[in-house]
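Colleague: I'm new to reading models like this one. Can you walk me through a few features, starting with how to tell whether a residue is covered up?

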Amino acid sequence: MRTSALVMGFAAALVVAGCSGGRQLNNFNVGRSGPDEFAILPTRSLTMPPDLSVLPAPTPGGANITDPNPKGEAVAALGGSAERLEDRGIAASDQALVAHAARTGTDAQIRETLAASDAEWRARNGRRPLERIFGTSVYQRAYDPMALDSRDEQLRWQRAGAITSTSPAPAED
C-alpha cells in the first residue's frame, strides 16, 4: 500500500514536471510580472541652443541629442572622451586584420544560422526529468562539450611556439 502510494506520487511529480514549458537553459526572468525598473532612463531636458544654424543634421532612426548616453556620461565623468565611443567604422590599423579574416568570404546570415544551430543544440541537450523536477540549471552541462580547457589550450599554444608572456607556463603533469 505504501509502495504504491509512493510510486503514484513520483509518477504525478514527473507528469507535473513534464508540463513545464520552459525550454530556456537559464530563465532569469522567472517570477517577474512587471517591467524592469533599471531599464528606464530619463531623457535630458530640452534646451534652446545658442545658435540655431549649428544644429546637427537629423538622423532618422538614429540618436537624438536628448537621448540618454550612460556609457558616454560615465566615460566623461572618469575623464575620458565620450566621442571615442562613437562608431566610426573599421579603424585604419585594423583594415589588414579585417581583410585577412574575410579573405574566404563572409556570411551575411551568420547570426541567424548560429541562432538556429544553437536552438537545435538546446533542443537535443535540454533538461532531464530530475532536472525539471528540481529546477536546476543545465547550462554548464549542455555546453560542456564546447568549452575549452584553458590549461590545455595554453600548453598547446606554448608547444606550438607561441609566446605567452603574460601567462607563465603551467606545470606539466
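Colleague: Let's take aspartate 118: is it buried, partly exposed or exposed?

Modeller: We go by relative accessible area: buried is under 20%, exposed is over 50%, and partly exposed is in between (1.4 Å probe, protein chains only). Aspartate 118 comes out at 25%, so it counts as partly exposed. Keep in mind that this is a predicted model, where local features need pLDDT of at least 70 and side-chain atom pairs count only at pLDDT 80 or more, while totals for chains, interfaces and linings use all residues. Residues are numbered from 1 along each chain as its sequence is written, and side-chain values use heavy atoms, leaving out hydrogens and water.

Colleague: Which residue forms a salt bridge with aspartate 118?

Modeller: A salt bridge means a side-chain nitrogen of Lys or Arg within 4 Å of a carboxyl oxygen of Asp or Glu. Here the partner is arginine 122, and the closest N and O atoms are 3.0 Å apart. Both residues sit in helix H4, four residues apart, which is about one turn of the helix. Arginine 122 is partly exposed too, at 28% relative accessibility.

Colleague: How many salt bridges does the structure hold?

Modeller: It holds two. The other pair to look at is glutamate 153 and arginine 156, whose side chains meet at 2.9 Å, N to O. They are three residues apart in helix H7 (residues 150–159), so about one helical turn separates them. Glutamate 153 has 23% relative accessibility and therefore counts as partly exposed; arginine 156, at 46%, is partly exposed as well.

Colleague: How many helices and strands does the protein chain have?

Modeller: Both come from DSSP runs, numbered from the N terminus: helices are H or I with at least four residues, strands are E with at least two. This chain has seven helices and zero strands, giving the pattern α-α-α-α-α-α-α along the sequence.

Colleague: What about a loop: where is asparagine 125 found?

Modeller: Asparagine 125 is in the loop between helix H4 (110–124) and helix H5 (129–134). Its relative accessible area is 19%, so it counts as buried. Contact means heavy atoms within 4.5 Å, and beyond its neighbours within four places in sequence, asparagine 125 touches Arg141 and Ala142. Across the chain, 8% of the 173 residues count as buried.

Colleague: And aspartate 87, is it buried or exposed?

Modeller: Aspartate 87 is exposed, because its relative accessible area is 74%. It lies in the loop between helix H2 (70–77) and H3, and its side chain reaches the backbone nitrogen of glycine 89 at 3.1 Å.

Colleague: Where is confidence lowest, and where is it highest?

Modeller: We read that from pLDDT, the predictor's confidence in each residue, from 0 to 100. In this chain, confidence is lowest in H1, with a mean of 72, and highest in helix H3 (residues 95–101), at 92. The mean for the chain is 80, with 85% of its residues reaching 70 or more.

Notes
A polar contact is a pair of N or O atoms within 3.5 Å; within protein, one must be able to donate a hydrogen and the other to accept it, and residues adjacent in sequence count only if both atoms are side-chain atoms.
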